[in-house]
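The sequence and the model are shown below.

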Amino acid sequence: MLDVYDSIISLGGFCGAASQLRARGLRPVSLPLDWAFMLDSESVRWLTSAFRNDFADFFRRENLVPLEREGVGGLAPYKYRDAASGFGFIHHFWRPVEEGYADVAATMSRRLKRMLACFAPGKSVLLILATPFAFDPTLAVDLLSAVRARYPETQVDLHVMQFDAKFDDPCVESMRWPDDLPFTGARYARRHGDYDLSRTSAEWAFLDRITIRGLRSPKVGFWTKVSLKLWKRFSKRLRNAGFGVLGVRFRHLR
């Protein structure tokens, strides 16, 4: 893993990677999989084929079906699953898909073009795959091989984080990937949660030594920090009470 990359891309899994990148000023633009939720390892397998065909079948209307699963969270009142990719979209639809698909699809199209443009010749890209479940690491090997084969003139690295992993020894809390695997990262016994939405989470500390080439980190003043902290507490109470905040749009979400 390098200390400086031209782009850092979250491949989804859950919101942890996008949240952690945003907290460090490493997410200057929105990308299509930032807030996409993986339900099982089939989505990892789908990513391999998606990179081979430039995501030709991504986010098609006919593939979106209601997501009927408890406990997945998400602010948006309407939640859908892409039957082709297996990704769950739990933050995107404030209207039923029949009414809101065109707007969401246009946003996804812009973000997808933005992501694929990162793999330009001579550039370096770090992919982050963080899943709320353990899966066979050979799937990640195949994924990285597919991306590198598709973009041979781009330096591509992959950091894989698996939460809710099971170990034979109950005292083991985490385990790094063997050195003979072509990616970095680790497996963690704990489940993903609110800790992964905060910069203080130790598992994400590797991001503290990484910068994006040419990107200047904004200086955050004291009162801005206070306002953000108050807003975080307030919005969390709203979510816990079952409310969604409408009409709020931040620049980096577009």
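## Helix α3

Helix α3 bends by about 30° at D103, the bend being the angle between axes fitted to the seven residues ending there and the seven starting there. Helices (H or I, at least four residues) and strands (E, at least two) are DSSP runs, numbered from the N terminus. The model is predicted: local features need pLDDT of at least 70, side-chain atom pairs count only at pLDDT 80 or more, and totals for chains, interfaces and linings use all residues. Residues are numbered from 1 along each chain as its sequence is written, and side-chain values use heavy atoms, with hydrogens and water left out.

The 21 residues of α3 (residues 97-117) should span 30 Å at 1.5 Å a residue, and the 28 Å between the end C-alpha atoms agrees with this. The expected span is 1.5 Å times one less than the number of residues in the helix. Ten positions need separate mention as buried: V97, G100, Y101, V104, A105, T107, M108, R111, L112 and M115. Here buried means under 20% relative accessible area, exposed over 50%, and partly exposed in between (1.4 Å probe, protein chains only). The partners of these buried residues are β2 (7-10), α2 (42-52), β4 (64-66), β5 (78-82) and β6 (87-93), where contact means heavy atoms within 4.5 Å.

In α2, the buried residues are S43, V44, W46, L47, T48, A50 and F51. Their cover includes β3 (36-38), β6, α3, β7 and α4.

Two packed helices are described by the angle between their axes and the distance between the axes. For α2 and helix α4 (residues 137-150), the angle is about 10° and the axes are 9 Å apart. The two helices are therefore roughly parallel. Axes are lines fitted to C-alpha atoms, for helices over the stretch in contact, and angles run from 0 to 180 degrees between N-to-C directions; those under 35 degrees count as roughly parallel, over 145 as roughly antiparallel, 65 to 115 as roughly perpendicular and the rest as oblique.

On the α2 side, the contact involves V44, R45, L47, T48, F51 and R52, which meet L139, D142, L143, A146, V147 and R150 of α4. Seven of the contact residues are nonpolar, one is polar and four are charged. In this scheme Ala, Val, Leu, Ile, Met, Phe, Trp, Tyr, Cys and Pro count as nonpolar, Asp, Glu, Lys and Arg as charged, and the others, Gly among them, as polar.

## The loop between α2 and β4

D54, with a positive phi near 60°, follows α2. F55 lies in the loop between α2 and β4 and has a positive phi of about 60° although it is not a glycine. F59 is found in the loop between α2 and β4, and its phi is positive, near 60°. F55 is buried, at 4% relative accessible area, and F59 counts as buried at 4%.

E62 also belongs to the loop between α2 and β4, but E62 is exposed, with a relative accessible area of 57%. Between E62 and A84, 22 residues apart in sequence, the C-alpha to C-alpha distance is 9.5 Å.

## S124 in strand β7

S124 is part of strand β7 (residues 124-131). This serine is buried, with a relative accessible area of 5%. Leaving aside residues up to four places away in sequence, S124 touches L2, V4, Y5, D6, S7, Q155 and R213.

## The chain as a whole

The protein chain holds five helices and eleven strands. Of its 254 residues, 44% are buried. Among contacts with a separation of 6 or more, 69% join residues 24 or more positions apart.
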